[in-house]
Amino acid sequence: MNRRDFMKMSALGAAGTMIPSVMQAASAAPKKKSANDKINIAFIGLGQQAMNLLNGFIKLPDVRVVAGCDVYDVKRDRFVRRVNKFYTEKGEKRVKIDVYEDYQDVLARPDVDAVIIATPDHQHAVIAIAACKAGKDIYLEKPLTLTIYEGQQLCKAVRKYSRILQVGSQQRSSKEFIHAATLVREGLLGKIEKIKVHAGRNEVNIDSAAPAPNNLPPMEIPAGLNWDKWLGPLPTTVKYHSDLNPVIDETHNEQLWGAWRWYKVTGGGLMTDWGAHMFDVAQWAIGKDLNGPVEIIPASVSPYDQLTFKYDNGILMTEEPYEGNDRGVKFYGEKGWISVSRGKFKTNNKDLEMGKLEDTKVPFETMAGHYQIFIDSIRSRIDPNVPVEVGHSSCTVCNLANIAIELNRPVVWNPIVQKFMNDPEATKMLHYDYRNGYSLDI
């Protein structure tokens, strides 16, 4: 595939790296609606990321937002206000926007064509599999799932029920990342020797991208929050704390991100939060979608001073800062290096430079191109540019890292059969026991 074709397919969302059987599976379902009909979508999870997604999706001309769901009543109220405000300002007469506390009520609606799932990660698999069974197409926030086994089951469900699933890896639709991946894939950087990925650091864990222990003290559950439904499949030993689900009110309801992602049990730290973006770009560029590393070595193991991933083609990938605090990816090849992060592209090879990137103040999460690819895929029944299997392989890299760090030793992984090699201790960490009433049955 030449560069022009590759970039065209990336922009249109065609799954250029997908095997034929996967593309055929997505095409098996009948087409959704005529080109003149709008796609009715509902949001499940109405936190800060959902507000960003709403700002992108609601502006698409062939989309109609009809419903929302959250376990916190203040977030439901905020959603209704924002949707009504948008359609009112457009001069459209609107019926009542329905909101629910239980996602099953959304999935039961026959007029909902697709759902946007932006819940905490531990709810992703359960809700997405239920959406597959209900015949809904899915836009699912990254990381795809909380555990590797959840991702395996979700991949099966998407294909069993012939659904379209787009993963919220917007960087696959962003030109600086497309340019970087194209250069590497076409061999213009020569043989790749190593890759540095920086997933970031934060005050919860300043030394690593891995999650911190959940030692938060219990707090009183705020009025209007159904904590039991928020827990979903998690054990009831996880107690409410405002870090996990921040208190929202009329004066403090903007830019509040749940810190559930930084702690063990409820999230995977920056390793899965930003790693799902950056490891995704690395694997995309070196042709390891639907594949992955064969050995993962934590930084504590001599002589490795950084978390290291080994691939079967000899490439070494580390997770470490490389240019200040930018979260991004740096590729080192025979003909120089290139680094890419949001809104930035750098290289020491003048033949590989790209044109100046636009200085836009539009938040990255609200850029509509990635969302339009999803809507186009619903109509065509052709996989989008980040289908479920790609999201799963990228998420698996993140989870493998956290498993190796927790075990404090190297782990050997077979990415084709998706199993640890002769390692019962690591195998137990592919999943956790759901509490009663929750399962991954497909």
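Trainee: Which side chain of opposite charge is nearest to K75, and how far away is it?

Mentor: Keep in mind that this model is predicted. K75 is buried, yet it has no salt bridge. A salt bridge needs the nitrogen and the carboxyl oxygen within 4 Å.

Trainee: Leaving aside neighbours within four places in sequence, which residues is K75 in contact with?

Mentor: Start with the location. K75 is in helix 4, residues 73-89. Beyond its neighbours within four places in sequence, K75 is in contact with L46, G47, D70, N245 and I248.

Trainee: How many helices and strands does the chain have?

Mentor: The chain has 442 residues, and 58% of them count as buried. Its elements number 14 helices and 15 strands.

Trainee: Among contacts between residues at least 6 apart in sequence, what share joins residues at least 24 apart?

Mentor: Take the contacts in the chain between residues at least 6 apart in sequence. Then pick those that join residues at least 24 apart. Their share is 72%.

Trainee: Which are the edge strands of the open sheet of nine strands?

Mentor: The order is 13-12-11-7-10-9-8-14-15, with mixed pairing. An edge strand pairs on one side only. That picks out strand 13 (344-347) and strand 15.

Trainee: In strand 9, what is the bridge partner of I297?

Mentor: Strand 8 and strand 9 run antiparallel and are joined by three bridges. E295 stands opposite K310 in strand 9. For I297, the partner in strand 9 is T308.

Trainee: How many residues apart are D383 and R159?

Mentor: Their side chains meet in a salt bridge, 3.2 Å from N to O. D383 is in the loop between helix 12 (369-380) and helix 13, while R159 is in helix 7. Both D383 and R159 are buried. The pair links distant parts of the chain, with a separation of 224 residues.

Trainee: Is D423 buried or exposed?

Mentor: D423 and R409 meet in a salt bridge, 2.8 Å from N to O. D423 lies in the loop between strand 15 and helix 14, and R409 in the loop between helix 13 and strand 14, so the pair ties together parts 14 residues apart in sequence. R409 is partly exposed at 23% relative accessible area. D423 has 11%, which is under the 20% limit, so it counts as buried.

Trainee: Which residues are linked with K96 in a network of salt bridges?

Mentor: A search of the whole structure finds 24 salt bridges. One of them joins E92 and K90, whose closest N and O atoms are 3.3 Å apart. The network that holds K96 also takes in D98, R109 and D111.

Trainee: Which residues do the cis peptide bonds join, with omega about -15 degrees and about 10 degrees?

Mentor: P143 is in the loop between strand 5 (137-140) and helix 7 (148-160). P303 is in the loop between strand 8 (295-297) and strand 9 (307-310). At about -15 degrees, the bond joins K142 and P143. At about 10 degrees, the bond joins S302 and P303.

Trainee: What is the phi of L290?

Mentor: L290 is in the loop between helix 11 (275-285) and strand 8. At 27% relative accessibility, it counts as partly exposed. L290 is not a glycine, yet its phi is positive, at about 65 degrees.

Trainee: What accessible area do V412, I416, V417 and M421 have together?

Mentor: I416 is in the loop between strand 14 (411-414) and strand 15 (419-420). I416 is exposed, because its relative accessible area of 61% is over 50%. With V412, V417 and M421, I416 forms a nonpolar patch on the surface, and together they have about 340 Å².

Definitions and conventions. Residues numbered from 1 in each chain as written. Predicted model: local features only at pLDDT ≥ 70, side-chain atom pairs only at ≥ 80, totals over all residues. Heavy atoms only, no water. Patch = residues over 30% accessible without salt bridge, like charges linked within 9 Å, V, L, I, M, F, W, Y side chains within 5 Å. Areas by Shrake-Rupley, 256 points an atom, 1.4 Å probe, with all protein chains shown as cover. Helix = DSSP H or I, 4+ residues; strand = E, 2+ residues; numbered from the N terminus. Buried < 20%, exposed > 50% of the residue type's maximum accessible area, 1.4 Å probe, protein only. Contact = heavy atoms within 4.5 Å. Lys, Arg positive; Asp, Glu negative; His and termini not counted. Pairing = 2+ DSSP bridges.
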